[in-house]
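The following questions and answers are intended for study alongside the structure. Please read each question and consider a reply before turning to the answer.

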Amino acid sequence: MRKFLFKRFFQSIGVFLAVSLVVFAMLQFAGDPVELLMGEEGSQEDEIRLREALGLDKPYVVQYVLFLKNALRGDLGISYHHGVPAMSLVIERIPATMELVLTAILISIILAIPMGVVAATHRGGLLDRIFLSGSLRGISAPPFWIGIVFILVFGVVLGWLPTSGRGGLAHLILPAGSLALYRLALFIRLVRSGMLDVLGQEYVTSARAKGLAESVVVFKHALKNTLIPFITIAGLQMGSLLAGAIVTERVFAWPGMGRLILDSIQKLDYPVVMSWALVTSAIFILINMLVDISYSFVDPRVRTN
Amino acid sequence: MNPTKPANRNFLLRWAILALVALSLAALPASSEAAKKFVIAFQGDAATLDGQGRNETTTISIQNHIFDQLIFQGIDGKLEPSLAVSWKPISNTKWVIKLRKGVRFHNGTPFTAQGAVDALIRASGKTFKKSQMKHYTKWQNTFRIIDDLTFEIDTGKPWPSLPAELARLSIVPVNHIKKVGDAKFARNPIGTGAYKLVEWVKDDHIDLVANENYWKGAPSIKNVRIRPVPVNAARTAGLLSGEIDAVWGIAPVDAKRLEANPKLNVYRTITARTIYLTFDHWRKEGGPYKKNGPYSVGIPKGKPNPFLKPKVRQAVAHGLNVPELLRTVMHGSGEPATQLNPPFAFGYNKRLKRLPYNVARAKKLLAEAGFPKGFETRVDCPNDRYINDGPMCEAISGMLDRIGIKATPNPRPKAVFFKRMSRGDFSMFMAGWGTDLVGPTFSTVFHTRNLKAGVGRINRGRYSNPAVDALMKKTSVIMDDEQRQAMWEKAWEMVIGDLAFLPLYQQEAIIATQKNVSLKPRINEWLLAQEVTVK
């Protein structure tokens, strides 16, 4: 285990370097932050002074080396637009995104597993057909549209829930619900197809032949064996959402990382974008590690390997 | 497959109950505390709450709940006494500013002449490098304090726009900032303004409470919550559901529908934001883009640059039916513009007229200019900067097609667009200009581009008319208002006569509120809770 963590740690340094280099290079093609920062009435002199103050007058290579040097000391720069340390802006938003994403993932997992199992055990039945066609719609509907429809129906027409912002638990339902919808649809299909695969295998037949109760066969023998691909996909989904559920956060004015990064990219706020990229890769690395570790709980064979 | 056995059902039942409990836990009602607050929704959040840290409309509008200026820009744009009760020039370069008595910052510190001078010096960048107000303090910053409530500014050379510029400089408590530091102040500011900051949760809300000791009298609305809601539809939904009391920035497409709703009020006003088309005034012929290259980029290689000919620019003006563009693309929002400043600006020329829409005349002018069959070009636009700018780009292209100009629309995100335009990657482009200050308009937009001398930064098409430059120089130091007004009017006639830029329209600001809320919309787009009344 220690060796495993150690190896992962060194791999992640390489990932950080690669990510920072790629993001930095991409930003150079994106446009000119000084142009966007300048007040309209500003003169050329103001522009030159601003460029110098931000260090953007230096060659790209020098800028990148300076960035790395400062980053090693834990300084990722000051946000151009907010005038405060960029990293703190990103970190401040982690709880909001975490709250939204964990709720959404939890809802979708809690609902998807029984629904997927029922769909598989009643293959071709009414419930199976409802779940299948429903999940197809869930996967195809664009999250932006789902968000707006949720707001319209539950916020405006019925007036049950607040339409935007973060506050009590009531504020969480619509954004988490609309975020969960796609994952739910995806997970149902994943569990269903995994179950169908496993249910046809010989050890299931032999378990049934032993006279085990159907529930034991389904949940202990079959379901457990479908969980590995499920955990992998769920982990990846969670990682990409934690980077910021960009569309959902924007529609519901949720103060999370997705909104920050979208604003920052539009305004070319380099330090914030770089900080976000590093935080996001850290989250991905961490989640992948957790996924790998969780394999060993689900499947003992992984432990011995 | 086997049918489900009872044991299986049991498991599912347990799971369903667990799920229900989890979901209903999440459905607990929201706190009712938010209901008592007056909620204003903007499109974005304040970038900073340091009154001198960012020059951008939303940020300034939010900050002006907390801060005052020496001089206040009233609802109709007129300058009104604020922390200063009077400002008078005593010579060509010296002004005496008298301050209001008994004004205090939110922490109780009295506001004095020394405090005012310290704040102005900070805005100029000397004690605050990140000040974004530097370009309003280009006058020589020499101050002399006469007494506790009086000081003198020596501007070095005649500076008639001083009052207008003082109206943009927020008075921040410099002694307090020295104690807490710039970064802390930016998150937790105090000012002399109508409201005190209670709490700022970035990108979620800013809570304000009335300053009961405000020198203008305490505002009638006591608790205010300002919320950034980026998506237009979501802001409108919040208004319809009753969560939001006043919404800044209603999309023109929604405005008509909201106007028909008896539960709401909709307020419209023309703003200083003027959308224009401009042209390549300096390169001789078309060809591929190169940095500082010789070719006009939107024109095919080897073809002459048609925009050098005044008749072609006139043809474009005659070819665009701006009222029709406003009716269709802008859903009736906006006013055709005759110059780059709005009608309420000092120096505005009321006599200027737009060239009328006339396809036959446009075609004739093109033929006279040597383009009887029209020509090919490109029209560049941003697509995320102004209201409906992307569709507007397409519509302009379509209209120009009718007079024979094949202008391929090239809309791009603002982050890319402005950089490319500054580098000269265009032959014709659409953009906006948003100030009511005539001096900076001429020196940055119309003056012959000379970056070393600090003029012509936005003159991307490199229009150059020495007569305009000379007139500008003379006008900017005339202290007499009437004389200066006449000279600016003359300058407008010259640049618009040349079609240096082709002004298209002034954008509208649209605010919607609940029926019991009333306000007067401001020409500078601020939405201030202290100017709102609730029945």
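Q: In which helix of chain A is A:Thr121 found?
A: In this predicted model, the place of A:Thr121 is given by the secondary structure of chain A. The residue belongs to a helix that covers residues 86-121. That helix is H5 of chain A.

Q: Does A:Thr121 count as buried or exposed?
A: A residue counts as buried under 20% relative accessible area and as exposed over 50%. The relative accessibility of A:Thr121 is 9%, and therefore the residue counts as buried.

Q: How many Å apart in space are A:Thr121 and A:Phe24?
A: Along the sequence, A:Thr121 and A:Phe24 are 97 residues apart. In space, taken from C-alpha to C-alpha, the separation of A:Thr121 and A:Phe24 is 50 Å.

Q: How many helices and how many strands does chain A have?
A: Read along the sequence, chain A follows the pattern α-α-α-α-α-α-α-α-α-α-α-α-α-α. The secondary structure of chain A therefore comes to zero strands and 14 helices.

Q: What percentage of the residues of chain A count as buried?
A: The C-alpha atoms of chain A fill a box of roughly 85 × 55 × 30 Å along the principal axes. Among contacts in chain A with a separation of 6 or more, 74% are between residues 24 or more positions apart. Of the 305 residues of chain A, the part that counts as buried is 50%.

Q: Are H9(A) and H10(A) roughly parallel or roughly antiparallel?
A: Helix H9 (residues 202-209) of chain A and helix H10 (residues 214-242) of chain A pack with their axes 10 Å apart, at an angle of about 160°. Angles over 145 degrees count as roughly antiparallel. H9(A) and H10(A) are therefore roughly antiparallel.

Q: Which residues of H10(A) meet H9(A)?
A: The crossing of these two helices, H9(A) and H10(A), is right-handed. From H9(A), the contact involves A:Tyr203, A:Val204, A:Ala207 and A:Arg208. The residues of the contact of H9(A) with H10(A) comprise four nonpolar, two polar and two charged. On the side of H10(A), the residues are A:Glu214, A:Val217, A:His221 and A:Asn225.

Q: Are H14(B) and H16(B) roughly parallel or roughly antiparallel?
A: Helix H14 (residues 438-446) of chain B packs with helix H16 (residues 481-497) of chain B, their axes 12 Å apart, at an angle of about 30°. Angles under 35 degrees count as roughly parallel. H14(B) and H16(B) are therefore roughly parallel.

Q: How many residues of the contact of H14(B) with H16(B) are nonpolar?
A: H14(B) passes H16(B) in a left-handed crossing. The contact is made by B:Val438, B:Gly439, B:Thr441, B:Phe442 and B:Phe446 of H14(B), together with B:Trp488, B:Ala491, B:Trp492 and B:Val495 of H16(B). Of these residues, no charged ones and two polar ones are present, and the number of nonpolar residues is seven.

Q: Which residue forms a disulfide with B:Cys381?
A: A search of the whole structure finds one disulfide over all chains. B:Cys381 is in strand S16 (residues 375-382) of chain B, and its partner, twelve residues apart, is in helix H12 (residues 389-402) of chain B. The sulfur atoms of the pair are 2.1 Å apart, and the partner of B:Cys381 is B:Cys393.

Q: Is the link of B:Cys381 and B:Cys393 right-handed or left-handed?
A: Both B:Cys381 and B:Cys393 are buried. The angle about the S-S bond is 80°, and the link of B:Cys381 and B:Cys393 is right-handed.

Q: Which residues does B:Asn321 touch, not counting residues up to four places away in sequence?
A: B:Asn321 is found in the loop between helix H9 (310-319) and helix H10 (322-328) of chain B. Its relative accessibility is 16%, so B:Asn321 counts as buried. Residues up to four places away not being counted, B:Asn321 touches B:Tyr357 and B:Met399.

Q: How many Å apart in space are B:Ser82 and B:Met479?
A: B:Ser82 is found in the loop between strand S3 (79-81) and strand S4 (84-89) of chain B. At 1% relative accessibility, B:Ser82 counts as buried. Leaving aside neighbours within four places in sequence, its contacts include B:Asp68, B:Arg100 and B:Trp215. B:Ser82 and B:Met479 are 397 residues apart in sequence, and their C-alpha to C-alpha separation in space is 22 Å.

Notes
Residues are numbered from 1 along each chain as its sequence is written. Chains are lettered from A and ligands numbered from 1 in the order in which they are written. This is a predicted model: local features need pLDDT of at least 70, side-chain atom pairs count only at pLDDT 80 or more; totals for chains, interfaces and linings use all residues. Side-chain values use heavy atoms; hydrogens and water are left out. A disulfide is a pair of cysteine sulfur atoms within 2.5 Å. Helices (H or I, at least four residues) and strands (E, at least two) are DSSP runs, numbered from the N terminus. Buried means under 20% relative accessible area, exposed over 50%, partly exposed in between (1.4 Å probe, protein chains only). Axes are lines fitted to C-alpha atoms, for helices over the stretch in contact, and angles run from 0 to 180 degrees between N-to-C directions. Angles under 35 degrees count as roughly parallel, over 145 as roughly antiparallel, 65 to 115 as roughly perpendicular and the rest as oblique. A crossing is left-handed if the near helix is turned anticlockwise from the far one by less than a right angle, and right-handed if clockwise. Contact means heavy atoms within 4.5 Å. Ala, Val, Leu, Ile, Met, Phe, Trp, Tyr, Cys and Pro count as nonpolar, Asp, Glu, Lys and Arg as charged, and the others, Gly among them, as polar.
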